[in-house]
Amino acid sequence: MAYHSGYGAHGSKHRTRAAPDPPPLFDDTSGGYSIQPGGYPAPGADVAFNVNHLLGDPVANVAMAYGSSIASHGKDIVHKELHRFVSVNKLKYFFAVDTAYVAKKLGLLVFPYTHQNWEVQYSRDVPLPPRQDLNAPDLYIPTMAFITYVLLAGMALGIQKRFSPEVLGLCASTALVWVVLEVLALLLGVYLATVRSNLSTFHLLAYSGYKYVGMILSVLTGLLFGSDGYYVALAWTSSALMYFIARSLRTAALGPDSMGAPAPRQRLQLYLTLGAAAFQPLIIYWLTFHLVR
């Protein structure tokens, strides 16, 4: 058996050399650009050197500045094109709500018969935001109600073992298409009736979107109490929404500008208001009857 050179053949005692330290698991690169044994740079040193060299290169700085200017110019173009079709400031007005307004508006949509003053309030010829005026239309409640309706439709279909992503997408797209068609029909009616008012597309979209609140209540009641409860809730929410739409469009939107108009024009305005109100129960029923069985 061979022995190490540091020991005698007969067990003579010699001092052994200490074993070298094990190599570290990770190279220490905190010192920047270091040289490993053999003349090679340490891992990561070339990356730091290249980054520093790139940042100090005038050409790279010019290229980065040029890229930033292009990005800023593209952002300005996007904002400009967006403002051509959608006024962001007007859109913010319809989402200026708070918790108190939402609670009161939901109560007004469900029970509007005791409400007396339907006039939209103004301050220096500028309408007050919804959080300061209960009669002002908003888009927050229609948006949240639409999302809730889609989720509730999925739950109702799931309870009845009829859920599928395709059916849920069909419910959402159908509800959205009906609202768009209703808004377009109202815009056409306002144009044909030559109604001079401050009604905009956002106003009509808000009034048309309030029906989702009644749809949610009808479906929930149908899921809890069956088809009989559904039809009772449908009748109540439909009549409440008809009254709300008729009073809102007639008093808040069309009333001030229709004063003094010729009698035929006033009749056209009245027919337009009543037609928009009478159309609400049909859409509510069409979009909810298949969810309750």
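Phe146, Tyr149, Val150, Ala153, Gly154 and Leu157 of helix H5 meet Val167, Leu168, Cys171, Ala172, Ala175 and Leu176 of helix H6. By type, the residues of this H5 and H6 contact divide into eleven nonpolar, one polar and no charged. Please keep in mind as you look around that this is a predicted model.

**The chain as a whole**

The protein chain has nine helices and four strands. Starting at the N terminus, the order of elements is β-β-α-α-α-α-β-β-α-α-α-α-α. Of the 293 residues in the protein chain, 34% are buried. If you take the contacts between residues at least 6 apart in sequence, 71% of them join residues at least 24 apart.

Two packed helices are described by the angle between their axes and the distance between the axes. Here are those values for the two pairs.

| Helix pair | Axes come within | Crossing angle |
|---|---|---|
| H5 (residues 140-159) and H6 | 10 Å | roughly 145 degrees |
| H6 (residues 165-192) and H7 (residues 201-209) | 9 Å | roughly 130 degrees |

H5 passes H6 in a right-handed crossing, and the crossing of H6 with H7 is right-handed too. With their axes at roughly 130 degrees, H6 and H7 are therefore oblique to each other. On the H6 side, this contact is made by Val179, Glu182, Val183, Leu186 and Leu187, while H7 brings in Thr201, Leu204, Leu205 and Ser208. Sorted by type, the residues of the H6 and H7 contact come to six nonpolar, two polar and one charged.

Tyr212 and Ile284 are 72 residues apart along the chain, and their C-alpha atoms are separated by 7.9 Å.

A polar atom of the Thr288 side chain lies 2.5 Å from the backbone oxygen of Ile284. Is Thr288 buried or exposed? Thr288 counts as buried because its relative accessibility is 0%. Leaving aside neighbours within four places in sequence, Thr288 is in contact with Tyr149, Met215, Val219 and Tyr230.

**Arg124 and Asp125, in a loop**

For a contrast, turn to the loop between strand E3 (122-123) and strand E4 (126-127), where Arg124 is found. Asp125 lies in the loop between E3 and E4 as well. Arg124 is not a glycine, yet its phi is positive, at about 60 degrees. Asp125, also a residue other than glycine, has a positive phi near 65 degrees. With a relative accessible area of 81%, Arg124 is exposed, and Asp125 counts as exposed at 75% relative accessibility.

Terms used. Residues are numbered from 1 along each chain as its sequence is written. This is a predicted model: local features need pLDDT of at least 70, side-chain atom pairs count only at pLDDT 80 or more; totals for chains, interfaces and linings use all residues. Side-chain values use heavy atoms; hydrogens and water are left out. Axes are lines fitted to C-alpha atoms, for helices over the stretch in contact, and angles run from 0 to 180 degrees between N-to-C directions. Helices (H or I, at least four residues) and strands (E, at least two) are DSSP runs, numbered from the N terminus. Angles under 35 degrees count as roughly parallel, over 145 as roughly antiparallel, 65 to 115 as roughly perpendicular and the rest as oblique. A crossing is left-handed if the near helix is turned anticlockwise from the far one by less than a right angle, and right-handed if clockwise. Contact means heavy atoms within 4.5 Å. Ala, Val, Leu, Ile, Met, Phe, Trp, Tyr, Cys and Pro count as nonpolar, Asp, Glu, Lys and Arg as charged, and the others, Gly among them, as polar. Buried means under 20% relative accessible area, exposed over 50%, partly exposed in between (1.4 Å probe, protein chains only). A polar contact is a pair of N or O atoms within 3.5 Å; within protein, one must be able to donate a hydrogen and the other to accept it, and residues adjacent in sequence count only if both atoms are side-chain atoms.
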